Structure formats: structure tokens, C-alpha cells
Amino acid sequence: MLAGSHDPLVREFMQGVFPHTDREAAVRWIEDVVPRLWDQDRAAYFAVTVGDGPSVGWAELVDFRPDEGVAEAAIWLLPGARRMRVAAAALRLVCRFGFEQLGLRRIDAYAAADNMPVQVVGAYIGFRRAGFRPDLFRSSRTHTLHDAVYATLVPEDLC
Ligand SMILES: CC(C)(COP(=O)(O)OP(=O)(O)OC[C@H]1O[C@@H](n2cnc3c(N)ncnc32)[C@H](O)[C@@H]1OP(=O)(O)O)[C@@H](O)C(=O)NCCC(=O)NCCS
């Protein structure tokens, strides 16, 4: 998480990523914020691992709206783990968890319009494009606004 919060691509394409100053700050965030948001039914965070190896990324279901059965998914990988179909496998697992364990009926995702890899990953596992939102989010790296593609996944489309 410390490395990811400093990665230029993660910072470009995800909003609200604050670079942790050191390992202790990242551990504090994981130990304080993650369980608190889970207890409040607001978010579930996951470390992405390959086999028994160390964590190579982060995936999340955030912005839970339990009444509507909806949450929003996002993922990032460290550079060494990219381009190996890890993201599709991890995102599929996270969405399965959302549908089967949390009872979600829909998972939303917002990708920067110029972030093709994550759109391809989403399409692989069944997300369908549902809209376009101009200037939706601000890059954590450059603070410029990105247009976003909005996509949704329902349980029967997960593949
Ligand atoms: C998004 C992310 C998790 C994707 O992970 P990944 O497994 O490395 O994905 P890849 O780079 O392999 O790309 C996935 C697919 O998109 C394709 N792709 C990549 N760039 C592309 C482009 N410009 N146009 C079309 N397809 C493209 C790849 O060829 C790949 O398909 P393939 O496996 O059939 O070859 C990773 O790039 C990442 O961590 N990015 C930074 C953070 C981020 O953007 N997160 C998403 C925010 S919602």
C-alpha cells in the first residue's frame, strides 16, 4: 500500500490517493480505517496476492448502499504485477464476494476514459458500459479532471 500510494499510474487514475509518508503510516491506515469502514457497512478492502506471495495490489468495494444493494469497485496493481491477467482474476473474486457474501445486486465502476487497461479488465469479467461522465474525477497526481466511463455489473453477467 505504501508503494501503491506513490505509484504514478495509481495516483493518475484514482481519486483521493494520499501518499503515505512511511510504512508505519500505511499500517496505521490499514489497522484504523479498514476495520472501521467495514464495521460501518461502508467498504471492504482486499490485498491482492498471487498464491502465497506478498501483496501485489489492492482492491476495494466502497460506497456501499446496503438499501439499494449497490457498491463501487476499484483495483490497482504494483507495476511488476501488471499485464498478467492478475487484475481480472482479483476483480472477479472481489465481485463474487460482493454478490455472494454481501448480497449486492449491482456493482458499479468508474474508469478514466483514457484508462483502457481497466476498461478491458472490467469487460473481461462482465461489466457493461452504462454511461459517460465528463470531468467526473480529479487525478491525485496532476489534480486535472478526467472524463469517466461508468460501467455496471450484475450477478448474472459475472464471468
Ligand atoms: C488497471 C490495472 C489494475 C490493470 O491491470 P493489468 O492486469 O495490468 O491490466 P493489463 O495492463 O494487462 O491490461 C489489461 C488488458 O488491457 C489491454 N490494454 C492495455 N492497454 C490498452 C490500450 N491502450 N488499449 C486497448 N487495450 C489495452 C491489455 O492488452 C490487456 O489485455 P490482454 O490481457 O488481452 O493483453 C493496472 O493497470 C493498474 O494498476 N493501473 C493503475 C491504477 C488504475 O488505473 N486502477 C484503476 C482505477 S478504477
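Helix 4 is followed by G126, whose phi is positive, near 115 degrees. The model described here is predicted.

**Helix 4: the buried side**

- Helix 4 runs over residues 116-124.
- Its buried residues are Q119, V121 and G122.
- As background, an α-helix has 3.6 residues a turn, so residues three or four places apart point the same way.
- The partners that the buried residues of helix 4 pack against are helix 3 (86-100), strand 4 (106-112) and strand 6.

- On the surface, M116, V120 and Y124 make up a nonpolar patch.
- Together these three residues have about 280 Å² of accessible area.
- V120, one of the patch residues, belongs to helix 4.

**The loop between strand 5 and strand 6: S140**

- S140 is located in the loop that joins strand 5 (128-138) to strand 6 (145-153).
- The relative accessibility of S140 is 7%, and buried means under 20%, so S140 counts as buried.
- Beyond its neighbours within four places in sequence, S140 is in contact with R11, E12, M14, Q15, G16 and V17.
- For G16, one of these contacts, the backbone nitrogen lies 3.1 Å from a polar atom of the S140 side chain.

- Most residues other than glycine have a negative phi.
- H143 is not a glycine, yet its phi is positive, about 65 degrees.
- H143 is placed in the loop between strand 5 and strand 6, and S140 is found in that loop too.
- D41 is not a glycine either, and its phi is positive at about 60 degrees.
- D41 lies in the loop between helix 2 (23-39) and strand 1 (44-49).
- With a relative accessible area of 46%, D41 is partly exposed.

Key
Residues numbered from 1 in each chain as written. Predicted model: local features only at pLDDT ≥ 70, side-chain atom pairs only at ≥ 80, totals over all residues. Heavy atoms only, no water. Helix = DSSP H or I, 4+ residues; strand = E, 2+ residues; numbered from the N terminus. Buried < 20%, exposed > 50% of the residue type's maximum accessible area, 1.4 Å probe, protein only. Polar contact = N/O pair within 3.5 Å; in protein donor to acceptor, adjacent residues only side chain to side chain. Contact = heavy atoms within 4.5 Å. Patch = residues over 30% accessible without salt bridge, like charges linked within 9 Å, V, L, I, M, F, W, Y side chains within 5 Å. Areas by Shrake-Rupley, 256 points an atom, 1.4 Å probe, with all protein chains shown as cover. Salt bridge = Lys/Arg side-chain N within 4 Å of Asp/Glu carboxyl O.
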